[in-house]
Amino acid sequence: MSPKRIVLRFGTDISVKPVVYRLVKDYDLVVNIVKADVNPQKEGTMVLEVIGDQSDEGLTYLRDLGVSVQDLNQGIVRNEEKCVMCGACTGLCPTGALYMERPSMEVHFDGDQCIVCMLCTKVCPMRAMEVHL
Amino acid sequence: MSVEKTYGEINAKIKAGKAVVVTAEELITLVEEKGLSQAAREVDVVTTGTFAPMCSSGAFLSLGHTKPRMKMQKVWLNGVSAYAGIAAVDAYIGAAELPEDDPLNSNYPGEFRYGGGHVIQDLVARKPIQLKAIAYGTNCYPRRNIETTITLDEINEAILFNPRNAYQNYNCAVNLTDRTIYTYMGMLKPHMANANFSTSGQLSPLLKDPHFKTIGVGTKIFLGGGIGYVAWNGTQHFPSITNVDGQELGGAGGTLAVIGDLKQMSPRWLVGTSFLGYGATLSVGIGIPIPILNEEIARYAALKDEELFAPVVDYGEAYPSFTPGNLGYVSYAELKSGTIKVNGKEIQTSPLSSMPRAREIASNLKEWIQKGDFLLTEPVKTLPSPADGIVAHSLKEAD
């Protein structure tokens, strides 16, 4: 079974709740936290890989709590009109989701590798990397 | 006997549809297959290309008179100030200008999402632009303010005039400090964790004519998707060649001032650009044809990425403090491979200059020449070359 890669976004009320523990304990999911930005004072985000038979039920539990749950590769998209394939993003993308094919030096984006850190949305000189919620 | 051709002979072949035109990359392959002498005999024109951020860019706009007349003292286009210290309704919108309400770097690193470069791209894309102007009023120009919209087709003239474009060569930027920095060479992670460079190497116009044998005042070029001309040398034109172990190494080198009618250019080749923590600018597409008048010109035009070198410069300390020197040279072949080695450390590289776009420019220009639409111009004045030994001056502090 391949893991589901999801992005969670939640308000300060959720930050104090042990939601990951519940996913493991109540839904028997194997959870890998790829990235987390949890701060009781502001909105939090978390990128998870989850495996388990009850993953759909687990995600329903999260949604019922008010957590926004999205497939990871839906988060960031490349605006093909705007991208000029300079490659400025390729040295900064932490997972290699944005990479350069050689020798053509064309820039490609592999959404499956993206962890929605959103660095590219700021460093792209053409602002071609966009967040789609 | 070595080959000698004239501009007239090459243009006659272009008009007859018989000229042999290749891109700089294709010339390299041809020289490898047939040798330099044969390639120089066969090829008439080599096309080059570059597409990269070029901050010293902008456009003169002549907006048309208002009724009653107005001597515009300050002008804003989509909130971005344009220089109006020229005649009544003329203004110059510079690529690096920012809106007056931009938070700049007060929320560091600033995003600089919109600036003069974006105004130019929006103009060329035929989008309506908000114009605001104020004036103090005179007898002949009584009006004091106006707010309206303009479009590129409605204004009288729009002349792209970029005082410094097409840098011959450029630094490969790294950061030796222990904090992330945000520069015009992009975001540079601490301890040389990444390196950014910005020329198209073996496709780059001035790297293929380093002694300015063919590119001069009046040279007709591909500019912003249309036709342009070399107006003069660019500002900070310091062509220089250092010989190290018999290998010619260029510094930042020569630059070009270029000019052309904005109305026939395209938003694909003039793109508003933003550098996190640094500012806004314009990416410009430029392609220059090099006539193969003789074997020497062919030899330079055929230089490969392996034979072209960029100096590695620390933008953490050395560059901002204006400390001369560099951390050595790396070839464009190494830079384009994705990793370079500096001070024994392997570093990942990224270009800021688009190689696919540079290739597209060289091939578009090749098509224009092959179709017979685009003839070559002999420079009406040559530009200073490395042999002229121009020395750069820096500002003196007040006594």
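Reply: In chain B, the C-alpha centres of domain 1 and domain 2 lie 31 Å apart. The model is a predicted one, in which local features need pLDDT of at least 70 and side-chain atom pairs count only at pLDDT 80 or more, while totals for chains, interfaces and linings use all residues. Residues are numbered from 1 along each chain as its sequence is written, and chains are lettered from A and ligands numbered from 1 in the order in which they are written.

Domain 1 of chain B is made of two stretches, 7-54 and 161-388, and domain 2 covers 58-160; these bounds come from an automatic or database domain assignment. Where the two domains touch, 26 residues of domain 1 of chain B are in contact with 27 residues of domain 2 of chain B, a contact being a pair of residues whose C-beta atoms, placed from the backbone, lie within 7 Å. On the domain 1 side, the elements giving two or more residues are β10 (157-165), β20 (256-261), β21 (270-275) and β22 (279-287) of chain B, and β21(B) gives the most, with six residues. Helices (H or I, at least four residues) and strands (E, at least two) are DSSP runs, numbered from the N terminus. By class, this side of domain 1 of chain B has 14 nonpolar, 10 polar and two charged residues, where Ala, Val, Leu, Ile, Met, Phe, Trp, Tyr, Cys and Pro count as nonpolar, Asp, Glu, Lys and Arg as charged, and the others, Gly among them, as polar.

Chain B also holds an open sheet of three strands, in the order β1-β2-β23 and with mixed pairing; two strands pair if DSSP finds at least two bridges between them. Because β1 (21-23) and β23 (289-291) of chain B each have a single partner strand, they stand at the edges, and one side of each is left without a neighbour in the sheet. From one strand to the next, the twist averages 25 degrees. Strand β2 (residues 45-47) of chain B runs antiparallel to β23(B) and is joined to that strand by three bridges, with B:V45 standing opposite B:P291 of β23(B). Helix α2 (residues 24-34) of chain B packs on this sheet, touching β1 and β2 of chain B, and its direction makes about 100 degrees with that of β1(B); axes are lines fitted to C-alpha atoms, for helices over the stretch in contact, and angles run from 0 to 180 degrees between N-to-C directions.
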